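Here is a walk through one protein chain, for a reader who has not seen it before. The text starts at a single residue and widens from there.

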Amino acid sequence: PRIPVVYNVSGKEEDGDLIDILTRQIKSSVYFYQSIQYMIAQGVEAFVEIGPGKTLAGFMRRIDKGVKVYNIETWEDMEKVIAELV
């Protein structure tokens, strides 16, 4: 990928064969907590949750209350988030 991808199979970026990485992703445990910690350590300051509910926001409150999470459930939400991030 041209944009770095953090894989839940390891909790960090991966180099190597994408098919192998995705196969391990399907078969292995999920390292979601470690993935979020890694992204924060890399300088990610905000996360965007797209879809109904606020599952990511709930996880983020337990991981790091200082990180901003935007929720997008409607087109209007998306417009508000884009306006705030630009």
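Gln25 sits in helix H1, which covers residues 18-27. The model is a predicted one. With a relative accessible area of 26%, Gln25 is partly exposed, because partly exposed residues are those between the buried limit of 20% and the exposed limit of 50%. Apart from neighbours within four places in sequence, Gln25 is in contact with Tyr7, Asn8 and Val9. Ser10 is 15 residues away from Gln25 along the chain, and the C-alpha atoms of the two are separated by 8.5 Å.

Arg24 is partly exposed, its relative accessible area being 30%. A salt bridge also joins Arg24 to Asp20, and here the closest N and O atoms are 3.5 Å apart. Why are Asp20 and Arg24 separated by about one helical turn? The two residues are 4 residues apart in helix H1, so about one helical turn lies between them. Asp20 is partly exposed, with a relative accessible area of 40%. Taken together, Glu14, Asp20 and Arg24 are linked in a network of salt bridges.

The count for the protein comes to 3 salt bridges. One of them is formed by the side chains of Glu73 and Lys54, at 3.7 Å from N to O. Glu73 lies in the loop between S4 and helix H4 (75-85), and Lys54 in the loop between S3 and H3, so this pair ties together parts that are 19 residues apart in sequence. Glu73 counts as partly exposed, at 42% relative accessibility.

The next residue to look at is Gly11, placed in the loop between strand S1 (6-7) and S2. Is Gly11 buried or exposed? Its relative accessible area is 4%, so Gly11 is buried, since the limit for a buried residue is under 20%. Not counting residues up to four places away in sequence, Gly11 touches Val6, Tyr31, Gln34, Ser35 and Tyr38. Thr23, by comparison, is 12 residues from Gly11 in sequence and 15 Å from it in space, C-alpha to C-alpha.

The following step concerns a pair of helices. Two packed helices are described by the angle between their axes and the distance between the axes. Helix H2 spans residues 32-41 and helix H3 spans residues 55-63; they pack at an angle of about 70 degrees, and their axes are 11 Å apart. H2 and H3 are therefore roughly perpendicular to each other, because that description applies to angles from 65 to 115 degrees. Which residues meet where the two helices pack? From H2 come Phe32, Tyr33, Ile36, Gln37 and Ile40, and from H3 come Leu56, Phe59, Met60 and Ile63.

Within H3, the residues Leu56, Ala57, Gly58, Met60 and Ile63 are buried. The buried residues of H3 pack against H2, S3 and strand S4 (68-72).

Strand S3 covers residues 46-50 and contains Ile50. In contrast to the buried residues of H3, Ile50 counts as exposed, at 71% relative accessibility. What forms the nonpolar surface patch that includes Ile50? Val48, Ile50 and Leu85 make this patch, with an area of about 300 Å².

The last step takes in the whole protein. It has 4 helices and 4 strands. Read from the N terminus on, the elements run β-β-α-α-β-α-β-α. The C-alpha atoms fill a box of roughly 40 × 25 × 25 Å, taken along the principal axes. The protein has 86 residues, and 24% of them count as buried. It exposes about 6400 Å², of which carbon and sulfur atoms supply 55%. Among the contacts with a separation of 6 or more, 23% are between residues 24 or more positions apart.

Methods. Residues are numbered from 1 along each chain as its sequence is written. This is a predicted model: local features need pLDDT of at least 70, side-chain atom pairs count only at pLDDT 80 or more; totals for chains, interfaces and linings use all residues. Side-chain values use heavy atoms; hydrogens and water are left out. Patches are made of residues with over 30% relative accessible area and no salt bridge: like charges are joined within 9 Å, nonpolar side chains (Val, Leu, Ile, Met, Phe, Trp, Tyr) within 5 Å. Accessible areas come from the Shrake-Rupley method with a 1.4 Å probe; for residues, only the protein chains shown count as cover. A salt bridge is a side-chain nitrogen of Lys or Arg within 4 Å of a carboxyl oxygen of Asp or Glu. Buried means under 20% relative accessible area, exposed over 50%, partly exposed in between (1.4 Å probe, protein chains only). Axes are lines fitted to C-alpha atoms, for helices over the stretch in contact, and angles run from 0 to 180 degrees between N-to-C directions. Angles under 35 degrees count as roughly parallel, over 145 as roughly antiparallel, 65 to 115 as roughly perpendicular and the rest as oblique. Contact means heavy atoms within 4.5 Å.
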